[in-house]
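Colleague: I have a new model open and would like to learn how to read it. Could you walk me through it?

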Amino acid sequence: MTPDLIITDINMPKMDGKAFIKHIYKLGYTIPTIITSGHISDTEIQNDQCLSVCVEHFCNKPIDVRVLINHIKEYL
(Lines give C-alpha, C1' and ligand atoms only; values in the text may rest on other atoms or scores of the structure.)
Protein backbone atom coordinates (compact mmCIF):
# COMPACT_ATOMS: atom_id res chain seq x y z
CA MET A 1 0.00 0.00 0.00
CA THR A 2 1.34 3.42 -0.98
CA PRO A 3 0.49 6.56 1.01
CA ASP A 4 -1.41 9.38 -0.66
CA LEU A 5 0.77 12.06 0.93
CA ILE A 6 4.07 12.33 2.80
CA ILE A 7 4.65 14.98 5.44
CA THR A 8 8.22 15.04 6.72
CA ASP A 9 10.74 17.28 8.40
CA ILE A 10 14.23 17.98 7.08
CA ASN A 11 15.92 17.10 10.38
CA MET A 12 15.17 13.59 11.59
CA PRO A 13 17.27 11.30 13.81
CA LYS A 14 18.22 8.40 11.53
CA MET A 15 17.73 9.73 8.00
CA ASP A 16 17.27 13.38 7.16
CA GLY A 17 14.21 14.43 5.20
CA LYS A 18 16.15 15.16 2.02
CA ALA A 19 17.64 11.66 1.95
CA PHE A 20 14.24 10.15 2.77
CA ILE A 21 12.48 11.96 -0.07
CA LYS A 22 15.25 11.21 -2.55
CA HIS A 23 15.13 7.52 -1.56
CA ILE A 24 11.36 7.33 -2.08
CA TYR A 25 11.63 8.86 -5.54
CA LYS A 26 14.58 6.65 -6.52
CA LEU A 27 12.31 3.69 -5.77
CA GLY A 28 9.95 5.03 -8.42
CA TYR A 29 7.20 6.41 -6.20
CA THR A 30 5.64 9.75 -7.07
CA ILE A 31 3.97 10.64 -3.81
CA PRO A 32 3.08 14.27 -3.12
CA THR A 33 5.28 15.58 -0.32
CA ILE A 34 5.02 18.41 2.17
CA ILE A 35 8.30 19.23 3.89
CA THR A 36 8.72 21.20 7.10
CA SER A 37 11.76 22.87 8.57
CA GLY A 38 12.86 25.62 10.86
CA HIS A 39 16.38 25.55 9.43
CA ILE A 40 16.08 25.95 5.66
CA SER A 41 14.09 28.22 3.41
CA ASP A 42 11.69 27.68 0.52
CA THR A 43 14.41 29.10 -1.75
CA GLU A 44 16.85 26.40 -0.65
CA ILE A 45 14.22 23.73 -1.42
CA GLN A 46 13.65 25.23 -4.88
CA ASN A 47 17.42 25.30 -5.55
CA ASP A 48 17.81 21.59 -4.75
CA GLN A 49 17.12 19.84 -8.09
CA CYS A 50 15.58 16.68 -6.61
CA LEU A 51 13.56 18.41 -3.92
CA SER A 52 12.21 21.07 -6.27
CA VAL A 53 10.67 18.25 -8.32
CA CYS A 54 9.58 16.04 -5.41
CA VAL A 55 8.28 18.52 -2.85
CA GLU A 56 4.81 19.89 -3.47
CA HIS A 57 4.76 22.31 -0.53
CA PHE A 58 7.09 23.67 2.10
CA CYS A 59 6.04 24.84 5.58
CA ASN A 60 8.36 26.90 7.75
CA LYS A 61 8.40 26.29 11.48
CA PRO A 62 6.67 27.31 13.56
CA ILE A 63 4.02 25.77 11.34
CA ASP A 64 0.87 27.72 10.66
CA VAL A 65 -1.64 24.88 11.07
CA ARG A 66 -4.14 26.57 8.74
CA VAL A 67 -1.58 26.63 5.93
CA LEU A 68 -0.65 22.99 6.54
CA ILE A 69 -4.29 21.91 6.57
CA ASN A 70 -4.96 23.78 3.32
CA HIS A 71 -2.03 21.96 1.69
CA ILE A 72 -3.31 18.60 3.00
CA LYS A 73 -6.83 19.31 1.69
CA GLU A 74 -5.43 19.45 -1.84
CA TYR A 75 -4.85 15.67 -1.61
CA LEU A 76 -8.10 14.54 0.00
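Colleague: Which residues make up the largest nonpolar core?

Modeller: Keep in mind that this is a predicted model. In soluble globular proteins, nonpolar side chains tend to be buried together. Here the largest nonpolar core has seven residues: Ile10, Ile21, Ile35, Ile40, Cys54, Val55 and Phe58. Cys54 touches Ile21, Tyr25, Ile31 and Thr33, leaving aside residues up to four places away in sequence.

Colleague: Thanks! What is the strand order in the open sheet?

Modeller: The three strands follow the order 1-2-3, with parallel pairing. Strand 1 and strand 3 are at the edges with a single partner strand each, so one side of each lacks a neighbour in the sheet. On average, neighbouring strands are turned by 20 degrees against each other, direction ignored.

Colleague: And how many bridges join strand 1 and strand 2?

Modeller: Four bridges, in the parallel sense; Thr8, for example, has Ile35 as its bridge partner in strand 2. Between these strands the chain passes through helix 1 (residues 17–26), and this β-α-β crossover is right-handed. On the other pairing, strand 2 and strand 3 share five bridges, and Val55 in strand 3 is the bridge partner of Thr33.

Colleague: Why is strand 2 largely enclosed by the rest of the structure?

Modeller: Look at burial, where the cut-off is under 20% relative accessible area. Five of the five residues of strand 2 are buried, so the strand is largely enclosed. Thr33, Ile35 and Ser37 cover one side, while Ile34 and Thr36 are on the other, and all are buried. Helix 4 (residues 65–73) lies across strand 1, strand 2 and strand 3, at about 170 degrees to strand 3.

Key. Residues numbered from 1 in each chain as written. Predicted model: local features only at pLDDT ≥ 70, side-chain atom pairs only at ≥ 80, totals over all residues. Heavy atoms only, no water. Buried < 20%, exposed > 50% of the residue type's maximum accessible area, 1.4 Å probe, protein only. Helix = DSSP H or I, 4+ residues; strand = E, 2+ residues; numbered from the N terminus. Pairing = 2+ DSSP bridges. Right-handed = clockwise from strand over helix to strand, strands pointing away. Core = buried A, V, L, I, M, F, W, Y, C linked by side-chain atoms within 4.5 Å. Contact = heavy atoms within 4.5 Å. Axes fitted to C-alpha atoms, helices over the stretch in contact; angles between N-to-C directions.
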